[in-house]
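Work through these exercises with the sequence and the model side by side. Try each task before reading its solution.

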Amino acid sequence: MQGVHLLSTIVVLALASFIASATDPGPLQDFCVAVNDTKTGLFVNGKFCKNPDDVVAEDFFTSGLDMPGDTSGRVGSNVTTVNVDRIAGLNTLGITLVRIDFAPYGENPPHTHPRATEILVVAEGTLEVGFVTSNPNKLFTKTLKKGDVFVFPIGLIHFQFNRGHENAVAFAALSSQNPGVITIANAVFGSDPRINPDVLTKAFQVDKNVIDYLQKQFWEAN
């Protein structure tokens with residue numbers, strides 16, 4: 001019995017250790033306002049912390065999200081990001097906010113956030129949204145109207161598309177101060193240096209001329 005009890009204890013401790021290592025560490029202070037002055041700051045989580053005695057309300061504030069973003073680009077959307085670079089007080093708090101503007105039939109192309117789950121609310125217009133699971137790649141999609149909310153799980157490919165004739169606006173929160181973004185088409189066809197066309201020809205099962213054409217489009221756009 002003692003052997004069984006010892007084994008159970010070891011398993012529990014091992015699981016606890018695994019769980020602890022699989023999550024982000026919690027902050028050990030109320031806040032850690034990011035500062036670029038390395039002489040006066042304390043280095044924490046990739047940023048230097050401002051002396052708490054020097055912190056002011058402005059460190060937790062920004063404005064301008066009432067202003068539409070420029071949607072004249074090729075995909076017809078614009079993402080305005082509020083992260084630690086815009087609000088220094090977000091440092092170590094594990095959250096980012098974005099405003100996404102869509103021209104009529106504009107889209108936020110298929111992409112993924114490797115370090116964050118995203119929750120999105122539609123403020124104006126109608127959006128077709130969705131995400132694709134890991135293999136075997138099931139699509140979950142829904143049409144959202146003003147006031148509707150949708151969640152995109154961490155790391156999964158997702159998109160938003162304006163189905164309407166009018167502009168659309170959405171706001172989203174992401175569960176990281178640095179969620180990262182990988183736009184699928186840009187990564188595959190616009191990487192620097194380019195992925196060998198033979199690799200992509202095999203992967204997409206198309207003629208090499210198609211791959212050459214697609215890579216050219218993304219390289220010219222850059």
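**Exercise 1. Find the handedness of the link between Cys 32 and Cys 49.**

Step 1. Start with the sulfur atoms. A disulfide is a pair of cysteine sulfur atoms within 2.5 Å. Cys 32 and Cys 49 meet this rule, with S to S at 1.6 Å. The count by this rule is 1 disulfide.

Step 2. Read the angle. The turn about the S-S bond is -75°, and the link of Cys 32 and Cys 49 is left-handed.

Step 3. Cys 32 sits in the loop between helix H1 (2–21) and strand E1 (34–35), and Cys 49 sits in strand E3 (residues 47–49), so the pair ties together parts that are 17 residues apart in sequence. Helices (H or I, at least four residues) and strands (E, at least two) are DSSP runs, numbered from the N terminus.

Step 4. Check the cover. Cys 32 and Cys 49 are both buried. Buried means under 20% relative accessible area, exposed over 50%, and partly exposed in between, with a 1.4 Å probe and protein chains only.

A note on the source: this is a predicted model, in which local features need pLDDT of at least 70 and side-chain atom pairs count only at pLDDT 80 or more, while totals for chains, interfaces and linings use all residues. Residues are numbered from 1 along each chain as its sequence is written, and side-chain values use heavy atoms, leaving out hydrogens and water.

**Exercise 2. Describe the chain as a whole.**

Step 1. Count the elements. The chain has 4 helices and 13 strands.

Step 2. Turn to burial. Of the 222 residues in the chain, 31% are buried.

Step 3. Look at contacts (heavy atoms within 4.5 Å). Take those in the chain between residues at least 6 apart in sequence: 67% join residues at least 24 apart.

**Exercise 3. Which residues lie nearest the centre of the largest pocket?**

Step 1. On a 1 Å grid over the protein atoms alone, a pocket is an open set of points with protein on both sides within 12 Å along at least five of seven lines; lining residues have an atom within 4 Å of a point.

Step 2. List the residues. The lining has 26 residues, and Val 75, Asn 108, Pro 109, Thr 183 and Asn 186 lie nearest the centre.

Step 3. Find the elements. Strands E4 (77–82), E5 (96–102) and E6 (107–112) each supply at least two lining residues, as do helices H2 (184–189) and H4 (208–221).

Step 4. Zoom in on Asn 108. Asn 108 is found in strand E6. Its relative accessibility is 11%, so Asn 108 counts as buried. Beyond neighbours within four places in sequence, Asn 108 contacts Ser 77, Val 79, Ile 100, Phe 102, Phe 159 and Gln 160.

Conventions. 1 Å grid on protein atoms, 1.4 Å probe; cavity = no way out; pocket = protein on both sides within 12 Å on 5 of 7 lines; lining within 4 Å.
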